[in-house]
Amino acid sequence: MKPDSAITIIEELRRHGHEAYLVGGCVRDMVMNIEPADYDIATSAHPEEIVRIFPRTESIGAQFGVVLVIHRGKPYEVATFRSDEAYVDGRRPTGVVFTDAKQDVQRRDFTINGLLYDPTAKRVIDYVNGQADIQAKIVRAIGDPHARFEEDKLRILRAIRFGARLGYTIEPATWNAVRAMAPNIHQVSSERIREELTRILTEGQAARGFRMLEESGLHAQVIPEFQWTEHMERSLAFVKRGAPPDFAMGVLLHHTPIEDVQHVVERLKFSRAEMHHVLALVESLPRFSQVREMPLSVLKRFFRLDRFQDHLELARIHAVAGNEEPLDYAYALEKRRAWADEEIWPWPLVTGDDLVVLGFAPGPRFKQILTQVEDEQLEGRLMNREAALEFVKNRWSA
């Protein structure tokens, strides 16, 4: 993503007499020579002035000085320089005071996220020594770590996420505050905790992130059901950047009893579809030890699991992390590749309507008969409709 539109917004704000800069994570990434995923803007313009200047805006948090400016179809967060009043819910301030750029960055979480960039002068403005911490690869809270974490308890988890994702060390005072305040994470909503955990899992350094969660005491607070082992650390090393959150959670929990997995996904308020997938991954993994003995009909039905590629990958990860040859995975992969989808999900040779024509009364026997016919079809013993109807006539009486 290029900064052109964000710079256009900054230029327009300045044309109207306001200060404006790029701010936060995008500046951090630019200093690190990483292309930012998005660009945020900080300005001296008040929300009502921002709304007047730009034709398309959305007031997502105008009371806190934040407006979305839509430019060329993309949203950009434009926030007024501010300092925050008291925090009473561990998440949001009771109010804000509009201020200047220097005071604005003092209320942000970590020094590496407290940088401003002037695109006209092409220079970084650094009031918090964030560039030095980027050079030293350190995550450091701005000011007093306890005060920053009291303002928003989610920052306790965010410290871990940035440390893991960037491969940075957490500065001692900040680390001590993380450990001391870990029990306070329960003041944060389950949804926000889930978001941070899944980002730790899917931003490319899951093993490092969860080791830091374990060492900080946060693991025992957010997922006490999960037991940290060397096998799990090796498993998490295979979770790639950008992996689907439910697959990553399945890898994390694949050694956890299914009842505890259920508790985790419900408590963290995953969507129904995500819950189903995590539970299916954990529940189905032991079946891979049976794939070489399964009848063809059972194996083909196994392959019908939704997103079966994830099940295959988890089987591979489980074996390799346990220092075993992934023989069951390899067998299943070979068979799955050998069969076309039509062989795994064949068109039915016999339907319920056919059974009615043959004189069978609708009832529980229907399912038994149709399942048996499909078994024979999947095994390759019934190849056409005529043979299937004859099979039914010979096997069952109407």
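Which loop holds Asn 33? I looked, and Asn 33 sits in the loop between helix H2 (25-31) and strand E2 (40-43). I note here that the model is predicted.

**Entry 1**

I read off the phi of Asn 33 and found a positive value, near 60 degrees, in a residue other than glycine.

I turned to Asn 323, which is not a glycine but has a positive phi of about 60 degrees. Asn 323 lies in the loop between H17 and H18. With a relative accessible area of 65%, Asn 323 is exposed.

**Entry 2: helix H14**

I went through helix H14, residues 258-267, and noted Val 261, Val 264 and Val 265 as buried. Why are they on the same side of H14? They cover an arc of only 90 degrees around the axis, which places them on one and the same side of H14. I recalled the general rule: an α-helix has 3.6 residues a turn, so residues three or four places apart point the same way.

Next I asked which helices the buried residues of H14 pack against. I found helix H13 (245-253) and helix H15 (272-284). After H14 comes Lys 269, and its phi is positive, near 55 degrees.

**Entry 3: the nonpolar cores**

How many residues does the largest nonpolar core have? I have 93 written down, and Leu 13 and Phe 210 are the residues with the most contacts inside this core. Helix H7 (residues 154-166) gives the largest share of the core, eight residues.

I listed the contacts of Leu 13, leaving aside neighbours within four places in sequence. Among them are His 18, Ala 20, Ile 41, Thr 43, Phe 54 and Val 78.

I also found a second, separate core of 13 residues, including Leu 349, Leu 382, Ala 388 and Leu 389.

**Entry 4: the second largest pocket**

I looked up the volume of the second largest pocket, which is about 230 Å³. Its lining is made of 16 residues. Which of them lie nearest its centre? I noted Leu 285, Phe 288, Ser 289, His 318 and Asp 328.

I sorted the lining residues of this pocket by type: nine are nonpolar, three polar and four charged. Helix H17 (308-321) and helix H18 (327-338) each supply at least two residues of the lining. Asn 323, from my first entry, is in the loop between these two helices.

Key: Residues are numbered from 1 along each chain as its sequence is written. This is a predicted model: local features need pLDDT of at least 70, side-chain atom pairs count only at pLDDT 80 or more; totals for chains, interfaces and linings use all residues. Side-chain values use heavy atoms; hydrogens and water are left out. Buried means under 20% relative accessible area, exposed over 50%, partly exposed in between (1.4 Å probe, protein chains only). Helices (H or I, at least four residues) and strands (E, at least two) are DSSP runs, numbered from the N terminus. The arc is that of the directions from the helix axis to the C-beta atoms. Contact means heavy atoms within 4.5 Å. A nonpolar core is a set of buried Ala, Val, Leu, Ile, Met, Phe, Trp, Tyr and Cys residues joined through side-chain atoms within 4.5 Å. On a 1 Å grid over the protein atoms alone, a cavity is a set of points where a 1.4 Å probe fits but cannot get out, and a pocket is an open set with protein on both sides within 12 Å along at least five of seven lines; lining residues have an atom within 4 Å of a point. Grid points are joined across faces, edges and corners, and a volume is the space filled by probe spheres set on the points. Ala, Val, Leu, Ile, Met, Phe, Trp, Tyr, Cys and Pro count as nonpolar, Asp, Glu, Lys and Arg as charged, and the others, Gly among them, as polar.
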